Amino acid sequence: MSTTTERTVTVTVNGVPQQVSVPVRRLLSDALRSDLGLTGTHTGCEHGVCGSCTVLVDGEPVRSCLVLAVQVDGASVTTVEGLSRSDHSGGQVLHPIQEAFRECHALQCGFCTPGFLTTIAAGLDARDPAVPITDDEVEELIGGNLCRCTGYANIRKACRHAAEQLRTRAEVATSAPRDGGTTR
Amino acid sequence: MTTKLFGEPVRRREDARLIIGAGRYLDDIGAGAYAAAFVRSPYAHARVVDIDVTPALDVDGLLAIYTYEDLTGPMAEPLPVLIPHPQLTSARTGYTLVRDVAHHVGEAVVMVVAVDRYVAEDAAALIAITWDELPVVVGVDAAEAAVHAVHPDVPDNVAARHHQETGDVEAALAASAHTLSFTQYIERIASMPMEGKGVHARWDADDSALRVHSSTQASTSVRAAIAAKLELSLEKVEVVAPDVGGGFGVKIVHPWPEELLVPMAAMKLGHEVKWVEDRREHFISSAHERQQRQEISVGYDDDGRITALDVLVWHDNGAYTNYGIIVPINTATQLCGPYDIPVYRARVNSVYTNTVLVTPYRGAGRPQGTFAMERTMDRIAQERGLDRLEVRRRNLIQNDQFPYDWGLTFQDGRPLVYDSGNYPGLVDKLEALVDWPGIEARRAEAAVRGSCWAPAWRCTWRAPGRAPTRARTWRCWAAARSWCPPGSPRRARATRRCSPSWPPPSSGCPWRTSR
C-alpha cells in the first residue's frame, strides 16, 4: 500500500457526521485542520509531547498528532470547537473550563489553550462534580500539557474554578431534579 | 497611566476567540497554499560538494526546488547585520540558502515547494547532498583556543570586543582589603515558543504586490527586509503578524531566510506558498541564548561591601551575528543590578562557534549578568561568614544616591542612569514576605519530608519596555475616535488587553474606541 493510497473515513466530529477521503498516512491533526478546516486544534511538537493537539476520541483525550486519520473511522471526535454548545435561542454556551480560562487569565498567547481545554473538559466531565477537586487531581489533569506563557498557576486556578462551577450546578440540579442534570 | 489601570481586572479582547478555537495563527492561514520544506545541513561545519536533486524530480506534486544557484540580486548576498555596533568589528552573516559552506547544523541548503507538506518532505528526503566535513568549534573554550576558525577570515573567532569601565579597576582591586576570583559557565537555552516560526506569502501579479504573514515579533522590519531583498518598493509589500503563539526572542530576529524565500517562491510560482516550522526544525535550526564563560574578580571590605568588580565575559554568539551584540552588552551593562559598585569594569569577547545563532531570549543577556552578580554576593557572604541577605543589603544603592549615573553606555547608545528607587525598602518587604529569618527552619522541615530546598536571593534590575509595547503613533481619526497601532505585534504580551485603555485619558487624546 502506497503512502498516497486514499481511504474514506466516516467520523462524527463535534456531533456532525463527516466523510473524508484522506491518504492513509495523514495524521488526524492534519485531517482536522486541513480537510475539515477545524484549525482550533494546534500542533506544537508533532511528537506527542506538548499536548496542544489534544482532541477527544469517544470522550477520551488523545494526541491527534500521534493518531492517523484512518484510525478514527467510526469514532466520535470532539475538538475545542465542539466544547461549547448552542442554547435554545441559538446563543453559544461555553463549557465551564472555557469560561474559567477567561475568568482566571489562564491563557496568554493562546496557542496551547485548545489542548488544555479539551483535556481538562474531559477530566472534569468524567468525575463526580459533587466531590471537591483536590490539588493532586488538578496536577494530574494538566500534567500532560505544556504552556510557555503562564507558569501554570492560573491554569490550576481555572481548573478549580470550573470544578467549583460544576459542583454548584450539580447541587442545583440535585435540589431541583426536573431542571435536568446537565453539567453545562 | 491612570490609577484605573491598576487593581482592576481588564478583560482581554482576544480571549473570546482563543478559548473557542477561533484564533488565527500562521498555519491557520492559507489553506490552499503550496507548502515549502527545507533540506538542512546535518553537519556543524561542512562544505557542499554536490547537490543532486534528480531523484526528487519524479515525485508527484513537486513544484519547485531552489538552491543557492537559483538566487539572484540581493537574495544572493549575505543576510543583513540587523544592529551594527562599532565594536562588532568582524560581523558575519549567512545566506538565505547555504553558499558553499554550512556553519551550523540546521542551516537551510535547499528549499522544496510542493502541493502539500507531505509531498514536499518526500521530495526533500530524496535530495542527495555530498558534503566535505570541516573541523568544528563548539563552546567558548574551543572558540577562545582558536585551533580552528568558524570563519576563515576571522582566525581568532572573535566577532566583537566590548569594553566599558567606570574607573581604574585593577588599582581598586589591589587596594581592596579582600579579593576573590572565580570562573563560571552558563549553558545554552533553546527558545521554544509553543508555535514555531512560519511564513505565508501571496503574490498579486496584477498589482505587483506581496502580502506576507509571518509569525514574527517584528512585522514592520520584516516588511522592509523583504522589500529590499526582493527589490520591491515598500508600499508593495504588506507584512502581517497574525496571532503569534509565543515570541521568545527567536521571532524578533529577522529576516529569517524563510521570510525571504517563501515570498520569493510565491512570486516565481504565482501561487500562495506557506512554510510552517515543525518542532524538529526549531530544535536544530532556530536561535538559542545564554552561553557564556564568566571570569569574575571582586574586591570587598571587612563588612562585605564591594569596592571593585572586574568581569570578563566570553560570550558564544553562534555562527553568525545577525542581531549584533545586544545580548552581551545587556550582560555587561545590567550586571550590577541594584548594587552600588564604586569601580566596575566589564570586558566582553563575543565569539563564533559552529552552532545556531544566539539572539535575545527572555532577558536577553541580563539573566547571565544577574547570575554573575548574585553568585559574587553569595561568595562574599561565604568568605566573610555573613548572612547572604545582609551582604546584599549592605551593597544596595541607597535612596539618597539617586539619580545614580553608572558612567556606562547602554545598548541603545544612551547613558545608563537610574532615576529613582527604594531598593532597601524592597528588600525589607521581600524579607518579611518570604520570612527569610525562618527560612533555615523551613528548609530543615522540608528535608524531613524528603524535599530538597535551596533558597536563593536574586536582586535584579532591568530597563522595562515602553508601555504598551512601543506604540509609535496615535492616529486621531476624529474627535471621539483614536487608533493606537502597537509597534510590536501582539504575542504573549496582552497588547490587545491593554489597547482598550490606551491612550490613557491623561494624554488628553479624545478617545472612545480603539482597535
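**View 1. Helix 5 against helix 6 in chain B.** Helix 5 (residues 219-229) of chain B packs on helix 6 (residues 257-269) of chain B at an angle of about 55 degrees, with axes 10 Å apart. This is a predicted model: local features need pLDDT of at least 70, side-chain atom pairs count only at pLDDT 80 or more, and totals for chains, interfaces and linings use all residues. Residues are numbered from 1 along each chain as its sequence is written, and chains are lettered from A and ligands numbered from 1 in the order in which they are written. Helices (H or I, at least four residues) and strands (E, at least two) are DSSP runs, numbered from the N terminus. Axes are lines fitted to C-alpha atoms, for helices over the stretch in contact, and angles run from 0 to 180 degrees between N-to-C directions.

**View 2. Residues of the helix 5 and helix 6 contact in chain B.** Helix 5 of chain B contributes B:Val222, B:Ile226 and B:Lys229. Helix 6 of chain B contributes B:Glu259, B:Leu260 and B:Pro263. Two residues are in contact if their C-beta atoms, placed from the backbone, lie within 7 Å.

**View 3. Domain 1 and domain 2 of chain A.** Domain 1 spans 6-82 and domain 2 spans 85-179; the bounds come from an automatic or database domain assignment. Their centres, taken over C-alpha atoms, are 22 Å apart. In chain A, 17 residues of domain 1 are in contact with 11 residues of domain 2. On the domain 1 side, strand 3 (54-57) and strand 4 (60-63) of chain A each give two or more residues. Strand 3 of chain A gives the largest share, three residues.
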